[in-house]
Amino acid sequence: FPFQVSKRLTDPDPFVVAAQKQLERKQTPHYHHSDMIRSSGAITIRVREKNVGRALRFTDAFIKMIRGRGHIIGTGWAGQLNIDGENYEVKLIEIAKKGESDRLRIPTFKGTGVLSFSIYGIQTNTWKDGRAPIEDRLPDILAKLEATINYWKEYRGKQAEENRLLEEKERIVREQRERIEKEKTDFEDLY
């Protein structure tokens, strides 16, 4: 599967279509004055209107890359992205810098054009535009995400095995107690 972000958004993933519909409504963040618009759902996107296309293309490439590697994607609890049974909070935001305060002394924030992509799970991993745009970092993002997914699979497997062994020990102890009680009752019945 190619690790490229296309120049045009073609046949977008349903998650991207949902984000695109929200972004078209130009919903602004409620927590501060900003020139950003946002979508929330399985992937949160917060960018200026001029970066919506780039954000949607990147998000579409990210999701298709994960699906292309055979991972199962769905919506987790609280609007998180669920990948192979684990929930991750995924955000693509345009970094903003603080501007002038308005008449109520509430600061305004202006987008810088720098995109930042974060995945919150067992730890937070963030990639942002630098010498190379985040679009060129897709292989790094995939590698880190798959390492995290594999960690959780191993952890859950070990946890399941430990639980199975504990249940087996408890079953053996329970059966021993029941056998002792039965032998005690049988012995008392003799006399």
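What follows is a chat about a predicted model, covering its salt bridges, its cavity and its surface.

Student: How many salt bridges does the count come to?

Tutor: The count comes to 13 salt bridges in this predicted model.

Student: OK, which side chain does Asp-129 meet in a salt bridge?

Tutor: That would be Arg-54, with 2.7 Å from N to O. Asp-129 sits in the loop between β8 and α3, while Arg-54 belongs to helix α2 (residues 52–68), so the pair ties together parts that are 75 residues apart in sequence.

Student: Is Asp-129 buried or exposed?

Tutor: Asp-129 counts as buried, because its relative accessibility is 15% and buried means under 20%. Arg-54 falls on that side of the cut-off too: at 17% relative accessibility, Arg-54 counts as buried.

Student: What does Arg-69 pair with?

Tutor: Arg-69 forms a salt bridge with Glu-146, and their closest N and O atoms are 2.8 Å apart. This pair links distant parts of the chain, with Arg-69 in the loop between α2 and β4 (73–75) and Glu-146 in helix α3, 77 residues apart.

Student: What about Arg-137, which residue is its salt-bridge partner?

Tutor: Arg-137 forms a salt bridge with Asp-140, where the closest N and O atoms are 3.1 Å apart. Arg-137 counts as partly exposed at 26% relative accessibility, and Asp-140 counts as partly exposed at 39%.

Student: Switching topic. How many cavities of 30 Å³ or more turn up in the whole structure?

Tutor: A search of the whole structure finds one cavity of 30 Å³ or more. The largest cavity holds about 60 Å³ of space.

Student: Which residues lie nearest its centre?

Tutor: The largest cavity is lined by 11 residues, and Tyr-88, Ile-119, Gln-123, Asn-125 and Thr-148 are the ones nearest its centre.

Student: Which element gives the most to that lining?

Tutor: Helix α3 does, with three residues in the lining of the largest cavity. β7 (107–120), β8 (124–128) and α3 each supply at least two residues.

Student: And by class, what does the lining have?

Tutor: The lining of the largest cavity has six nonpolar, four polar and one charged residues.

Student: Where is Leu-190, and how does it count for accessibility?

Tutor: Leu-190 is in helix α3 (residues 138–190). At 67% relative accessibility, Leu-190 counts as exposed, because exposed means over 50%.

Student: One more from a helix. Where is Ala-160?

Tutor: Ala-160 is in helix α3 as well. Ala-160 is partly exposed, with a relative accessible area of 44%.

Student: What separates the C-alpha atoms of Ala-160 and Phe-117?

Tutor: A distance of 32 Å separates the C-alpha atoms of Ala-160 and Phe-117, and the two residues are 43 residues apart along the chain.

Key
Residues are numbered from 1 along each chain as its sequence is written. This is a predicted model: local features need pLDDT of at least 70, side-chain atom pairs count only at pLDDT 80 or more; totals for chains, interfaces and linings use all residues. Side-chain values use heavy atoms; hydrogens and water are left out. Helices (H or I, at least four residues) and strands (E, at least two) are DSSP runs, numbered from the N terminus. Buried means under 20% relative accessible area, exposed over 50%, partly exposed in between (1.4 Å probe, protein chains only). On a 1 Å grid over the protein atoms alone, a cavity is a set of points where a 1.4 Å probe fits but cannot get out, and a pocket is an open set with protein on both sides within 12 Å along at least five of seven lines; lining residues have an atom within 4 Å of a point. Grid points are joined across faces, edges and corners, and a volume is the space filled by probe spheres set on the points. Ala, Val, Leu, Ile, Met, Phe, Trp, Tyr, Cys and Pro count as nonpolar, Asp, Glu, Lys and Arg as charged, and the others, Gly among them, as polar. A salt bridge is a side-chain nitrogen of Lys or Arg within 4 Å of a carboxyl oxygen of Asp or Glu.
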